[in-house]
Amino acid sequence: MSTRPDLGRLVTADPAEVDDSRCTVLHIDMDAFFASVELRSRPDLRDRPMLVAGRPGPDRLPMAHPDAPQDPRRTRRSGRSAHPDDLDTGIEPERRRPTDPVGDRRGVVLSANYPARRYGIRSAMPTAAARALCPGLVVLPPDYAAYREASDALMRMLRDVTPLVEPLSVDEAFLDVSGARRRSGSPSRIAADLRARIADELQLTATVGAASTKFVAKLASGWAKPDGMLVVPPERVLELLHPLPVRALWGVGPATAARLESVGLNTVGEIAAADLRLLTRVLGTAVGTNLHRLASGVDERVVTPDTVESSLGAEHTYADDTPDPDVWARTLLQLAGRTGARARAGGARGRTVTIKIRFADWTTITRSSTVEPATDITQVIYRTATALLHRAVPAGRRIRLLGVRLENLLHDGPSDPGRDDQTERRDDGPDRARRPGAGGPAITGGAVIAEQLAFDLGPTVVAAADGPAAPAAAVSADSARRWASVDRVADLLVDRFGAAALRPGSVLGPGRPADPPPAARHPAARPSAGPSRSRPGPPAPGLDGPGRPR
């Protein structure tokens, strides 16, 4: 290994000098992926600060690649996995306007090239802030079709080496090459050959970390960026790992880091040397034990090609920070609808509903609540999210962003919106006796939820021990079945006419019709095939008011 002080990197200068026999886990991470794809057609910008920016999308969470099986984000209409930005905005790729604005106040940086990063520009930064750091910055709109094409080609290359490929996002993946060594050579040789092939066939650069565990391989690729390779044999792990700050460990965010620092644990090495009883007392048994093992270089997770999502969701950033609870409620209903539809499309149900709130000062909080039984029903997600928001946000606070996620997913396989037995199938099993209405109020997130017994009544209230009254999150079992039927019909209509064909009336706002879908791209939206949206008419069929059936 050798350091490169000018770039702040750590790379393996001569792989032949390193014993890589046990470094069979590779982490492949493309360099500035979106920006690099754009530079293939704009080589004149290669040495100029440039970035790709667009409307805010989801957090960068683990995301299965389109080739990964059982992905709950697969769309019913095309059978392919949509890009995360398309999923969270509710706009399918084939309908996205080719010239989305990127210079507005709410745009965010999706990817920046390395000349731009020298100015302090980073992903997820507001576009306006990036422009302020670098006045001559070139800003390009995203071309998701090109990114998807490059990603598909990348994953095919990786699977040419081994079937044990675990995609983390469109531009990174783990590989287990233990079974490929006889045919393709040592792990270092495999990594070098992959980097050369990616550069030759895709005109893109990739960084590779090689180690005996996933945790260290991912750390190694980060150290070697950009366009480098770092091989970390097991005997070198602790000397590289222990000087790092505690935030280097997976699962350690600002709050966990603060708790660790409060008891004098500031580095990974100090966590490894700490008494496990101290860690479990400060962080809990599961988190404390896991961090202690990672800090000691122990990571027993294997590369899993058929990984499915553990959560899914959607976010919305307001054009202007808003203190209006009615606007928040409409947003939550819209986000709950997107989240529920994605879950149903992939046969997933969630046991936890989580909301994300970013205030005007950029302070961000999350709140979660458990739902029983696991659900994919829009109204259950919406009411739970509304109750959480009511308890978390005092009156008068201005909100910049709201997000809704469904977590702790159970996967049943993709649901057919045309089947009549979907809700009956989901009522079977061990959760039957625990559903709301089966022996008393549901307990969710520490609050006692009053049940919604009628299909068409307004929300009831939550009697929470730790907060004021809020709209109820739970519905009765009978009501839930009927709401599931509404979802099933809505899914059929959206599947036939497109995402803009049916929305709860309250989402549109008073006097604000939805944008009509382009008829040229959606023949089903033409008058001959379905209701027209090209001229004023009645509200979207099926729903009226705050997500309530007519």
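User: At what angle do helix 12 and helix 13 pack?
Analyst: This is a predicted model. In it, helix 12 covers residues 276-283 and helix 13 covers residues 285-295. Their axes lie 7 Å apart, and the packing angle is about 135 degrees.

User: Are helix 12 and helix 13 roughly parallel, roughly antiparallel, roughly perpendicular or oblique to each other?
Analyst: The angle between helix 12 and helix 13 is about 135 degrees. Roughly antiparallel would need an angle over 145, and roughly perpendicular covers 65 to 115. Helix 12 and helix 13 are therefore classed as oblique.

User: Is the crossing of helix 12 and helix 13 left-handed or right-handed, and which residues of helix 13 make the contact?
Analyst: Where helix 12 passes helix 13, the crossing is right-handed. Helix 12 contributes Leu276, Leu279, Thr280 and Leu283 to the contact. From helix 13 come Thr285, Val287, Gly288, Thr289, Leu291 and His292.

User: How many residues in the contact of helix 12 with helix 13 are charged?
Analyst: The contact residues divide into five nonpolar and five polar. The number of charged residues is therefore, by the class definitions and the division of this contact, none.

User: In what order do the strands of the five-stranded open sheet run?
Analyst: The pairing in this sheet is mixed. Strand 7 (165-169) and strand 10 (229-231) are the edge strands, each pairing on one side only. From one strand to the next the twist averages 15 degrees. The order is 7-8-3-9-10.

User: Which residue of strand 8 stands opposite Val165?
Analyst: Strand 7 pairs with strand 8 (residues 172-176) in the antiparallel sense, over four bridges. Within this pair, the residue opposite Val165 is Leu175.

User: Which strands does helix 5 touch, and what angle does its direction make with that of strand 7?
Analyst: Helix 5 (residues 144-161) packs on the sheet. The strands in contact with helix 5 are strand 3 (25-30), strand 7 and strand 8. With the direction of strand 7, helix 5 makes an angle of about 155 degrees.

User: At what angle does helix 8 run to strand 9?
Analyst: Helix 8 (residues 214-224) lies across strand 3, strand 7, strand 8, strand 9 (206-211) and strand 10. Relative to strand 9, helix 8 runs at about 140 degrees.

User: Why is strand 3 described as largely enclosed by the rest of the structure?
Analyst: One side of strand 3 carries Val25, His27 and Asp29, and the other carries Leu26, Ile28 and Met30. Both faces are covered. Strand 3 is largely enclosed because its buried residues number six of the six.

User: Which residue of strand 9 is the bridge partner of Leu26?
Analyst: Strand 3 pairs antiparallel with strand 8 over five bridges, and there His27 stands opposite Phe174. Strand 3 is also joined to strand 9 by six bridges, again antiparallel. In strand 9, the partner of Leu26 is Ala210.

User: How many of the five residues of strand 4 are buried?
Analyst: Strand 4 (residues 50-54) is covered on both faces. Met50, Val52 and Gly54 lie on one side, with Leu51 and Ala53 on the other. Strand 4 is largely enclosed by the rest of the structure because its buried residues number five of the five.

User: Which residue of strand 5 stands opposite Ala53?
Analyst: Strand 4 pairs with strand 6 (residues 138-140) in the parallel sense over three bridges, with Val139 as the bridge partner of Leu51. Strand 4 and strand 5 (residues 108-112) run antiparallel, joined by four bridges. In strand 5, the residue opposite Ala53 is Val109.

How values were computed:
Residues numbered from 1 in each chain as written. Predicted model: local features only at pLDDT ≥ 70, side-chain atom pairs only at ≥ 80, totals over all residues. Heavy atoms only, no water. Pairing = 2+ DSSP bridges. Helix = DSSP H or I, 4+ residues; strand = E, 2+ residues; numbered from the N terminus. Axes fitted to C-alpha atoms, helices over the stretch in contact; angles between N-to-C directions. Contact = heavy atoms within 4.5 Å. Buried < 20%, exposed > 50% of the residue type's maximum accessible area, 1.4 Å probe, protein only. Parallel < 35°, antiparallel > 145°, perpendicular 65-115°, else oblique. Left-handed = near helix turned anticlockwise from the far one by under 90°.
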